[in-house]
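Work through the exercises below with the sequence and the structure at hand. Each task is followed by a worked solution.

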Amino acid sequence: MTALDTIVRGKRSFAARVASGAAGGVMRVFLILVALFWLVPTFGLLVSSFRDPTDIASSGWWKVFTAPSQLTAKSYQTLLEKDAITHALFNTVWITVPATLLVVLFGAMAGYAFAWLDFKGRDWWFLLVVALLVVPVQVALIPLSDLFGKIGIFGDIIGVVLFHVGFGLPFAIFLLRNFFAEIPRELLEAARLDGASETRLFLTVVLPLGAPAIASLGIFQFLWVWNDMLVALVFSNSESQPLTVALQQQVRQFGSNIEILAPGAFISMVIPLAVFFAFQRQFVSGVMAGAVK
Amino acid sequence: MTTAAKAEGAGALPTPSAKPRKSVMGTRLWVAVLFLLPALILLGALVVYPIGYSIWRSLYDADGSGFVGLDNYGDIFSNSSTLTAVRNTAIWVAVAPALVTALGLIFAVMTERVRWGTAFKLIVFMPMAISMLAAGIIFRLVYEQDPSQGAANAVAKAVHDTFVSSSVYPKARPNATASDLKASGGGSFTTTGTVRAGTPALLPLVGIAPNKLPGTPENARAASGAGVTGTVWLDFKLGGGGTKGQVDPGEKALKGVKVEAVKGGKVVASAKSGADGVFTLPASADGGQLRLPGSNFAAPYDGIDWLGPTLVTPAIIGSYVWMWAGFAMVLIAAGLAGVDRNLLEAARVDGANEWQVFRRITVPLLAPVLVVVLVTLMINVMKIFDLVYIIAPQPSQDDANVLALQLFLSSFGGGGNYGVGSAIGVILLLLVLPVMFVNLRRLRKERER
């Protein structure tokens with residue numbers, strides 16, 4: 001291959017090489033411009049979040065390049081002193097953590113049953129789960145606000161959590177069942193011959209071996225719930241609303257609320273971005289597998 | 001499980017590589033039930049039941065008291081505001097996935113050839129991690145109308161002002177009593193009398209504060225000499241004094257004002273006033289009227305109305321592309337990694353240029369991945385809500401409306417009409433049904449193998 005390569009390269013005319021070199025240069029410039037294009041919007045909001053409200057109102061964020069002294073953490077300080085915002089941040093955590101753990105737990109249990117337990121109609125039940133993969137969340141907004149109203153959890157954190165668990169499960173079961181199915185049969189048989197119960201088998205063999213898929217699923221589900229606005233917009237009230245809903249209410253007067261919105265958006269982004277940089281691999285595979293939602 | 005295999009789980013299902021498995025040993029039924037019960041109960045109550053309820057509820061009126069048949073569906077396609085939502089959703093589905101996939105393909109192919117490709121991918125993929133709310137706020141700021149706030153209009157204004165010289169004195173106007181300049185349409189002013197060589201014309205303007213003049217203006221000088229000449233100046237003295245219509249000492253010159261000589265409605269000559277306010281026209285202007293064209297006084301360019309009725313949907317699609325191009329890029333790059341390099345090299349040896357290799361070999365080989373990406377994005381775009389809700393300002397929300405937003409507005413955002421809301425939900429479900437069937441067929445096929 002490499003020998004052939006050099007021969008081929010050697011045969012290419014000088015003009016062709018100059019042309020491809022120039023094309024490479026154009027391509028590099030293009031990619032750098034694209035990267036800038038992708039960074040500037042976020043950077044602009046980040047800079048705005050570190051400016052004084054009066055400065056924001058009087059000039060664009062790019063003015064900090066000529067006046068770096070404008071930078072201040074005042075907006076963050078003001079924002080974090082607002083009880084409504086810190087309360088909403090806690091709500092986000094209280095919604096996200098249980099919704100993630102429950103989906104992983106119930107999804108893993110069902111995934112194991114579909115992969116390794118024998119019962120009548122197994123394939124049909126699994127088909128049903130796969131069919132539910134693409135059901136849009138919008139379909140359930142009205143029925144569940146009616147149902148939750150009747151059982152008295154409308155506006156409660158529990159309602160928001162339940163909704164996310166319900167719509168997180170099809171993908172969780174699908175992903176984990178396919179992953180668990182790859183576990184070598186011998187491993188499971190050996191454990192059974194040692195007299196392990198199904199529960200023990202699940203906890204000590206299947207879960208540890210499924211860790212990579214569980215990590216991907218967990219990260220994906222965590223970010224999905226953390227970043228959700230629509231479900232919380234419908235099912236939470238002023239007591240139980242997460243950060244996304246609290247911020248959304250400030251968007252109406254965008255121009256005058258930028259000193260709340262800019263730092264607020266960044267506070268809501270800190271965790272997802274940290275997860276993104278810490279678990280890039282799992283994050284990428286989780287997002288790729290789960291984009292169907 | 002490889003990323004590529006999982007990637008296919010997106011729009012269509014991956015290949016479950018395991019053969020049909022029997023349980024390790026015969027399990028008792030109740031064990032299986034125990035493992036399945038929590039998930040199945042939750043799925044039944046939270047996903048399956050709502051589907052049935054929505055279909056049933058969509059046949060009833062706003063408060064659920066009267067059966068209306070398919071009237072709610074009829075309303076959606078006849079009411080003008082919901083019709084806008086239908087049309088916009090169609091635009092979204094037609095434009096956004098194709099755009100995102102095309103960009104993802106270009107980025108994936110290009111980043112393969114640069115050393116810092118990984119860093120580039122990281123930057124473009126990053127928006128996937130943040131919420132649509134955060135992305136919406138980011139782009140509300142980008143699209144702010146005021147060029148001194150929004151980056152998009154700051155750039156638009158900079159480009160515009162490079163090519164079109166901006167007017168210098170937006171608010172200036174003639175002194176109505178002391179000059180014979182009269183408004184002559186299109187923002188311009190024309191003298192009623194005519195100009196004569198040797199008799200300098202006086203064109204006094206007011207309406208600007210002397211300290212608001214751009215730069216450091218010189219004092220105005222009364223023109224003199226034999227040519228066709230005159231002075232444009234600010235006929236106002238700080239602290240009062242001076243004679244209206246006369247160039248008094250200390251009154252400021254208006255530099256760069258365009259003066260045209262008009263004869264019989266035709267411009268015969270034009271000149272710009274100098275730093276001292278004096279302009280000189282060629283002899284051909286003799287006997288013409290003097291006109292100050294409207295371009296001198298036009299309001300300053302303040303950018304594009306991104307979030308106005310006409311551009312709001314394209315603008316929001318732009319922010320969506322920003323969020324999702326990384327997704328398409330990463331999926332396509334994973335597919336690209338599986339393409340046999342020898343095929344590409346063989347084509348190059350045969351004399352194909354890079355474009356031909358890309359068009360005839362790379363793209364066809366990537367077709368399955370491209371389809372998965374497109375379908376996934378289509379499903380995603382049908383349900384687009386957050387970005388539209390956040391970015392579209394109240395006055396243009398109706399113009400940016402999409403189905404998912406209309407569902408929310410009809411049922412929760414003050415509408416209170418669960419009938420129409422349910423009908424929209426059912427329509428959204430119907431739209432994804434084909435994908436559901438493709439998923440199931442793939443799965444069945446894998447089982448039969």
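**Exercise 1.** How much of residues 122-143 of chain B is helix, how much is strand, and how far apart are the end C-alpha atoms?

Solution. The model is a predicted one. Start with the secondary structure: residues 122-143 of chain B are 68% helix and 0% strand.

**Exercise 2.** Describe the side of chain B that touches chain A.

Solution. First count the residues: 88 of chain B are in contact with 89 of chain A. Next find the main contributor on the chain B side, which is helix 2 (residues 29-57) of chain B, with 17 residues, the largest share. Last, sort this side of chain B by residue class: 61 nonpolar, 18 polar and nine charged.

**Exercise 3.** At what angle do the axes of helix 11 and helix 14 of chain A cross, and which residues meet?

Solution. The axes of helix 11 (residues 211-227) and helix 14 (residues 254-278) of chain A come within 10 Å and cross at roughly 160°. Angles over 145 degrees count as roughly antiparallel, so helix 11 of chain A is roughly antiparallel to helix 14 of chain A. The crossing of these two helices is left-handed. From helix 11 of chain A, I219(A), F222(A), L223(A), W226(A) and N227(A) meet I271(A), P272(A) and V275(A) of helix 14 of chain A. By class, the contact has seven nonpolar residues, one polar and no charged.

Terms used: Residues are numbered from 1 along each chain as its sequence is written. Chains are lettered from A and ligands numbered from 1 in the order in which they are written. This is a predicted model: local features need pLDDT of at least 70, side-chain atom pairs count only at pLDDT 80 or more; totals for chains, interfaces and linings use all residues. Two residues are in contact if their C-beta atoms, placed from the backbone, lie within 7 Å. Helices (H or I, at least four residues) and strands (E, at least two) are DSSP runs, numbered from the N terminus. Ala, Val, Leu, Ile, Met, Phe, Trp, Tyr, Cys and Pro count as nonpolar, Asp, Glu, Lys and Arg as charged, and the others, Gly among them, as polar. Axes are lines fitted to C-alpha atoms, for helices over the stretch in contact, and angles run from 0 to 180 degrees between N-to-C directions. Angles under 35 degrees count as roughly parallel, over 145 as roughly antiparallel, 65 to 115 as roughly perpendicular and the rest as oblique. A crossing is left-handed if the near helix is turned anticlockwise from the far one by less than a right angle, and right-handed if clockwise.
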